[in-house]
Amino acid sequence: HPNKKQGECDFLVLCKKGILVLEVKGGVIHYEDNQFAFPSFKNNPPKYFNEDPFVQSDGNKHAIINSFKKKNMPKCYLESAVVFPKSPFKYDGLSFDNFFHLDYEGTFYDFIQNCFSSRPSNFRDLDTATFGEILNILSPTLTPSLEEIRIDENLKRIQAGKELNSLFLEGLFENERLVLELSLIHIS
């Protein structure tokens, strides 16, 4: 990421026209005094965003562009946008004129069409091979670490132990003369 240790894209829309990086901000959103916030509710003060969602989306777009450059990917059109599914986003001024956004009044299909409509003519549609290459880069194979595998196995053992304990307790409830032999299970 160009400005921070790492970034996170909420959604990526990949189509033959290119890639759309979407930042989604759910709930009711306010924008006042150059800051985005969830409004005050009951006795709670407004909760201000750590980062402007437009800046966040644009930063993620540039991180992808830089990643593609390092991998010598063919030129691909990338655009960034913000979606406010539960809020209107009406603003006065020029602050957001260069950014795409969708609020609760628009349709997603028209929004996607609009985002790709400003694509410069020097960008061509993605061919099948490039499309596949982009998919491979954006959806890597992850292998769990040995520690994660051990944790998963231990959680399975704990769950099995809980189920066995439930059986013992049910047996005691049904038959007061039940004899149980217990052994300790060592979990490493």
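Modeller: Rings of Phe, Tyr and Trp (for Trp, its six-membered ring) pair if their centres lie within 6.5 Å, and planes under 30 degrees apart count as stacked, over 60 as edge-to-face and the rest as tilted. Please keep in mind that this is a predicted model, in which local features need pLDDT of at least 70 and side-chain atom pairs count only at pLDDT 80 or more, while totals for chains, interfaces and linings use all residues. Residues are numbered from 1 along each chain as its sequence is written, and side-chain values use heavy atoms, with hydrogens and water left out.

Biologist: How many aromatic pairs does a search of the whole structure find?
Modeller: The search finds 9 aromatic pairs. One of them joins phenylalanine 38 and phenylalanine 49, and because the ring centres are 5.0 Å apart with the planes at 50 degrees, the pair is tilted.

Biologist: And where do phenylalanine 38 and phenylalanine 49 sit in the chain?
Modeller: Phenylalanine 38 is in strand β4 (residues 35–38) and phenylalanine 49 is in the loop between β5 (47–48) and α1, so that the pair links distant parts of the chain, 11 residues apart. Helices here are DSSP runs of H or I with at least four residues, strands are runs of E with at least two, and both are numbered from the N terminus.

Biologist: Phenylalanine 49, buried or exposed?
Modeller: Phenylalanine 49 counts as buried because its relative accessible area is 16%, whereas phenylalanine 38, at 29%, is partly exposed. The cut-offs are under 20% relative accessible area for buried and over 50% for exposed, with partly exposed in between, using a 1.4 Å probe and protein chains only. Both rings also belong to one aromatic cluster, formed by Tyr31, Phe36, Phe38, Phe49, Phe54 and Phe84.

Biologist: What about phenylalanine 108 and phenylalanine 111?
Modeller: Those two form a tilted aromatic pair, with 6.1 Å from centre to centre and 45 degrees between the planes. Both lie in helix α2, 3 residues apart, which is about one turn of the helix. Phenylalanine 111 is buried at a relative accessible area of 4%, while phenylalanine 108 is partly exposed at 43%.

Biologist: Switching to the core, which residues have the most contacts inside the largest one?
Modeller: In the largest nonpolar core, which has 13 residues, they are Leu20, Leu22, Ala81, Phe111, Ile112 and Cys115. A nonpolar core here is a set of buried Ala, Val, Leu, Ile, Met, Phe, Trp, Tyr and Cys residues joined through side-chain atoms within 4.5 Å. At least two residues each are supplied by β2 (18–24), β6 (78–83), β7 (100–102) and α2 (108–117), and α2 gives the largest share, 4 residues. There is also a second, separate core of 9 residues, which includes Ile19, Phe68, Cys76 and Ile134.

Biologist: Now a lysine: is lysine 61 buried or exposed?
Modeller: Lysine 61 is buried, because its relative accessible area is 12%, and it lies in helix α1 (residues 53–70). Apart from neighbours within four places in sequence, lysine 61 is in contact (heavy atoms within 4.5 Å) with Val21, Leu78, Glu79 and Ser80.
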